[in-house]
Amino acid sequence: FMLGIIMMFVGTLIFISGVMTPLEEGERILPESMEWRGWACILAGPLMFILFGVYFGMVAATFMCVFVSALGDRTATLRGSAGLAAGITIAGCFLFSYVLKVPFPLFRWGF
């Protein structure tokens, strides 16, 4: 709860400083064209975590969440995204399953 309050406060400060900073001539806040691929991949990441977490467990959920979200970068490759996802999966599953003892099965098949 306190972390959430602190994050809201910091986010508000960032927003206010961004609004108060004047733009130089010709400077834009938003890009020329929208990055629909990035938006779609980043929004699909948490959905993949939910879907794969329910049916396949933490390992598959973490891998798919990071893999799909990483593909939102224009310069991302399948190999680079898979490597990033594998590293985060190993570290995240170790941390949450063995260190923090979160009751989320590593592997699951079906319901």
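## Basis

Because the model is predicted, local features need pLDDT of at least 70 and side-chain atom pairs count only at pLDDT 80 or more, while totals for chains, interfaces and linings use all residues. Residues are numbered from 1 along each chain as its sequence is written, and side-chain values use heavy atoms, with hydrogens and water left out.

Helices are DSSP runs of H or I with at least four residues, and strands are runs of E with at least two; both are numbered from the N terminus. A residue is buried under 20% relative accessible area, exposed over 50%, and partly exposed in between (1.4 Å probe, protein chains only).

## The salt bridge

Side chains of opposite charge can pair when their charged atoms come close. A salt bridge here is a side-chain nitrogen of Lys or Arg within 4 Å of a carboxyl oxygen of Asp or Glu. The structure has one. Its partners are Glu 35 and Arg 74, with 3.3 Å between the closest N and O atoms. The pair links distant parts of the chain, 39 residues apart: Glu 35 is in the loop between helix 1 (2-20) and helix 2 (36-56), and Arg 74 is in the loop between helix 3 (58-70) and helix 4 (78-99).

Glu 35 is partly exposed, at 29% relative accessibility. Arg 74 is exposed, at 65%.

## Aromatic pairs

Rings of Phe, Tyr and Trp (its six-membered ring) pair if their centres lie within 6.5 Å; planes under 30 degrees apart are stacked, over 60 edge-to-face, and the rest tilted. This rule gives five aromatic pairs. In one of them, Phe 52 and Phe 56, the ring centres are 5.4 Å apart and the planes are at 40°, so the pair is tilted. Both residues lie in helix 2, four residues apart, which is about one turn of the helix. Phe 56 is partly exposed, at 30%.

In another pair, Phe 63 and Phe 67, the centres are 5.8 Å apart and the planes are at 10°, so the pair is stacked. These two residues lie in helix 3, again four residues apart. Phe 63 is partly exposed, at 28%, and Phe 67 is buried, at 17%. Phe 52, Phe 56 and Trp 109 form one aromatic cluster.

## Helix 4

Which residues of helix 4 are buried? They are Ser 81, Ala 85, Thr 89, Gly 92, Cys 93 and Ser 97. Seen down the helix axis, they fall within an arc of 105°, so they line one face of helix 4. The arc is that of the directions from the axis to the C-beta atoms. Arg 79 and Ile 90, on the other side of helix 4, are exposed. Just after helix 4, Lys 101 has a positive phi of about 55°.

## Cysteines

A disulfide is a covalent bond between the sulfur atoms of two cysteines; the cut-off used is 2.5 Å between the sulfurs. The whole structure has zero disulfides.

Cys 41 is buried, at 14%, and Cys 65 is buried, at 19%.
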